[in-house]
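Me: I have a new structure to get through. Can you walk me through it in short answers?
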Amino acid sequence: MPTLTDRFIPRPDAAERHSIVIPASRDRVWAAVTRPTSVNLRAIVAIRNVAARLSGGRPEREAPRFTPLAEDPGREVVLGIIGQWWRIGRADSAGPITGAGDFDAFDRPGYAKGTLSFLLEEAGEGRVRLVTETRVVATSEDARRAFLRYWMVIRLGSGLIRHIMLAAIRARATRTP
């Protein structure tokens, strides 16, 4: 079955999927996914700032901001971001994206467009498989090469962050009210 993510980045330059089975109802898992996240991205910013200082760039002030792109309530939510993540401390701003239209229309060379999605699947009585998928596509060949070099370095850390996110969602969904 096609996902909402397929609409935004059907053929990614890079992608990864992670999942966790959560012993909770679909409603509880969905509430835990869509509730403002308690996952703290300050650690990501701190690591990137050390790298920025070492490379002569400028530190970042805040964590990357994802924009909601699409939602199928109770089933899937897709968030998007546009950037030059490989240019730590020196990236040009892509400007704000306010939704799916801005994300789809953005084609300025030298950037990458990324999605982060959460998909709920049945996993048996009282259990839900929560799948998170990250997809990235570059807007030019130079950006693709630069991003893929960056991806080789950060991919394991990116996967770890996704596992931390899934564990946090699982904890929220299974917490006794």
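Me: Let's start with one residue. Which helix holds Ile154?
Reply: Ile154 sits in helix H5. Keep in mind that this is a predicted model.

Me: Is Ile154 buried, partly exposed or exposed?
Reply: Ile154 has a relative accessible area of 25%. Buried would need under 20% and exposed over 50%, so Ile154 counts as partly exposed.

Me: How far is Ile154 from Trp86, C-alpha to C-alpha?
Reply: Their C-alpha atoms are separated by 9.7 Å. Along the chain, Ile154 and Trp86 are 68 residues apart.

Me: And which strands does helix H5 lie across?
Reply: Helix H5, residues 141-174, lies across S1, S4 and S5. Its direction runs at about 10° to S1.

Me: Okay, on to the sheet. What's the strand order?
Reply: The order is S1-S5-S4-S3-S2. These five strands form an open sheet with antiparallel pairing. At the edges are strand S1 (14-22) and S2, and each of them pairs on one side only.

Me: How much are neighbouring strands turned against each other?
Reply: By 15° on average, with direction ignored.

Me: Which helix packs on the sheet and touches S1, S2, S3, S4 and S5?
Reply: That's helix H2, residues 26-34. The direction of H2 makes about 160° with that of S4.

Me: What holds paired strands together, in general?
Reply: Strands of a sheet pair through backbone hydrogen bonds, in a parallel or antiparallel way.

Me: Now S2 and S3. How many bridges join them?
Reply: Five bridges join S2 (residues 67-72) to S3, and the two run antiparallel.

Me: Why is S3 called largely enclosed?
Reply: Because seven of the eight residues of S3 (residues 76-83) are buried.

Me: How many bridges between S3 and S4?
Reply: Eight, in the antiparallel sense, with S4 covering residues 112-122. Leu79 has Leu116 as its bridge partner in S4. Ile82 stands opposite Lys113 in S4. Gly83 is partnered by Ala112, also in S4.

Me: What about S4 itself, why is it largely enclosed?
Reply: Nine of the 11 residues of S4 are buried, so the rest of the structure largely encloses this strand.

Me: And how many bridges link S4 with S5?
Reply: S4 and S5 pair over 11 bridges, again antiparallel. Phe118 has Thr132 as its bridge partner in S5.

Me: Which residue takes a positive phi in that hairpin?
Reply: Gly124, with phi near 105°. The hairpin of S4 and S5 has five residues between the strands.

Me: Switching topic. How many cavities of 30 Å³ or more are there?
Reply: A search of the whole structure finds one. The largest cavity holds about 40 Å³ of space.

Me: What lines the largest cavity?
Reply: Its lining is Thr3, Thr5, Arg17, Glu76, Ser117, Leu119, Val131 and Glu133.

Me: Which strands each supply at least two of the lining residues?
Reply: S4 and S5 do.

Me: How does the lining divide by residue type?
Reply: The lining of the largest cavity has two nonpolar, three polar and three charged residues.

Note on methods: Residues numbered from 1 in each chain as written. Predicted model: local features only at pLDDT ≥ 70, side-chain atom pairs only at ≥ 80, totals over all residues. Heavy atoms only, no water. Buried < 20%, exposed > 50% of the residue type's maximum accessible area, 1.4 Å probe, protein only. Helix = DSSP H or I, 4+ residues; strand = E, 2+ residues; numbered from the N terminus. Pairing = 2+ DSSP bridges. Axes fitted to C-alpha atoms, helices over the stretch in contact; angles between N-to-C directions. Contact = heavy atoms within 4.5 Å. 1 Å grid on protein atoms, 1.4 Å probe; cavity = no way out; pocket = protein on both sides within 12 Å on 5 of 7 lines; lining within 4 Å. Points joined across faces, edges and corners; volume = space filled by probe spheres on them. Nonpolar A, V, L, I, M, F, W, Y, C, P; charged D, E, K, R; others polar.
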